[in-house]
Amino acid sequence: MNTEQLKNKARACGADLVGIAPVDRFSHLPAEQNPASIFPECKSVIVLARRICRGSLRGVEEGTNFASTYQCFGYTWVEDNFLSQSSYDLSLWVEDQGFEAVPLFGYNESGMPKGVSVAPDKPAPNVIIDPRIAVMAAGLGEVGLGGFIITPEYGTRQRFSFILTDAELDGDDVRQKSLCTDCGACAAACPFGAIHLDKNRTLEVEGAIMQVAEIDIALCRDCPNGAFLASGRGNEPDRIAAACGRECMVRLEESGKLDNKFENTFRKREPWQLDAFKRPMVRDESGGLKLVDVGDTTSTGTGVVSVHATGQVFSK
Ligand code: SF4
Ligand code: SF4
């Protein structure tokens with residue numbers, strides 16, 4: 001089995017993207033996030049992706065269908081069915097070639113339950129690989145300022161899984177940041193001020209450095225503007241279809257840098273927004289947000305009690 005054969009097989013299994021990261025690109029990570037903790041003989045991390053079809057975001061963009069469009073065809077089914085099938089089929093093929101293959105989901109670590117270490121020298125289960133680091137290490141994409149994984153093919157629209165293997169494969173070149181322009185539009189589109197552009201953390205893999213804004217995921221968890229959190233995925237919600245993620249998607253398509261092009265633009269109308277009480281808001285002449293309909297106030301469970309017209313959030 002060589003790298004080209006592996007990649008051809010990955011595509012035949014339905015993967016839209018496939019990249020290889022030699023395991024030493026993860027050596028700087030703590031044991032809790034290191035693939036070598038799961039498979040000490042691992043030599044290569046295969047990163048697979050299946051695209052999210054743009055149409056699965058249409059119902060959210062129009063504010064008229066969240067569940068049977070994006071939640072299924074953009075989120076849970078892509079991860080748990082379509083991509084999982086690709087990962088498993090490829091894993092079986094790798095094992096047919098005489099190498100072990102460990103298929104893994106590409107979930108975020110934040111908020112995932114931790115077990116008890118089985119030995120003093122082992123990290124507590126479950127060790128979870130950060131998808132942002134894995135995607136960078138496999139040369140598939142970058143992490144934008146707004147925290148989204150961005151690829152040159154589909155922008156923000158894909159989901160990832162991993163296969164650890166003891167096969168030694170050729171690593172792909174790590175990409176420098178070239179797609180995110182630090183435009184800040186994702187932060188401006190958030191009605192709750194949850195993306196803090198003034199507070200960054202740095203992700204670094206093989207000399208590629210990504211500045212990522214601090215994101216208040218506690219606010220995102222109850223965001224009624226298209227954020228989703230499916231069960232078993234910790235406490236970091238999926239933001240691809242949220243107001244911030246769709247804004248980023250629109251900006252990336254406008255940039256003309258993405259390979260997956262469309263005849264018509266995604267955004268047809270001014271985007272809708274809800275405040276923390278799920279009341280519709282619109283932008284006024286000055287660009288601030290204001291309520292268009294004052295309905296019943298309902299606790300969101302986050303402690304957020306009101307949202308100022310500028311987007312500033314006041315909490316209990
Ligand atoms: S909206 Fe702009 S700043 Fe935010 S992640 Fe996308 S390209 Fe980067
Ligand atoms: S998910 Fe909602 S609260 Fe979080 S950054 Fe995006 S728009 Fe803001």
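Student: How do the residues of the shell around ligand 1 divide into nonpolar, polar and charged?

Tutor: There are seven nonpolar, four polar and three charged. Here Ala, Val, Leu, Ile, Met, Phe, Trp, Tyr, Cys and Pro count as nonpolar, Asp, Glu, Lys and Arg as charged, and the others, Gly among them, as polar. Keep in mind that this is a predicted model: local features need pLDDT of at least 70, side-chain atom pairs count only at pLDDT 80 or more, and totals for chains, interfaces and linings use all residues. Residues are numbered from 1 along each chain as its sequence is written, while chains are lettered from A and ligands numbered from 1 in the order in which they are written.

Student: Which residues come nearest to ligand 1?

Tutor: Gly 144, Gly 146, Cys 180, Cys 186 and Cys 248, out of 14 around it; near means a C-beta atom, placed from the backbone, within 6 Å. Helices (H or I, at least four residues) and strands (E, at least two) are DSSP runs, numbered from the N terminus.

Student: And which are closest to ligand 2?

Tutor: Cys 190, Cys 220, Cys 223, Ala 242 and Cys 244. That shell has 12 nonpolar residues, one polar and one charged.

Student: Switching topic: is β2 buried or exposed?

Tutor: Eight of its eight residues (44–51) are buried, so β2 is largely enclosed by the rest of the structure. Buried means 20 or more other C-beta atoms within 10 Å of the residue's own, with C-beta atoms placed from the backbone.

Definitions and conventions
A residue is buried if 20 or more other C-beta atoms lie within 10 Å of its own, exposed if 12 or fewer, and partly exposed in between; C-beta atoms are placed from the backbone.
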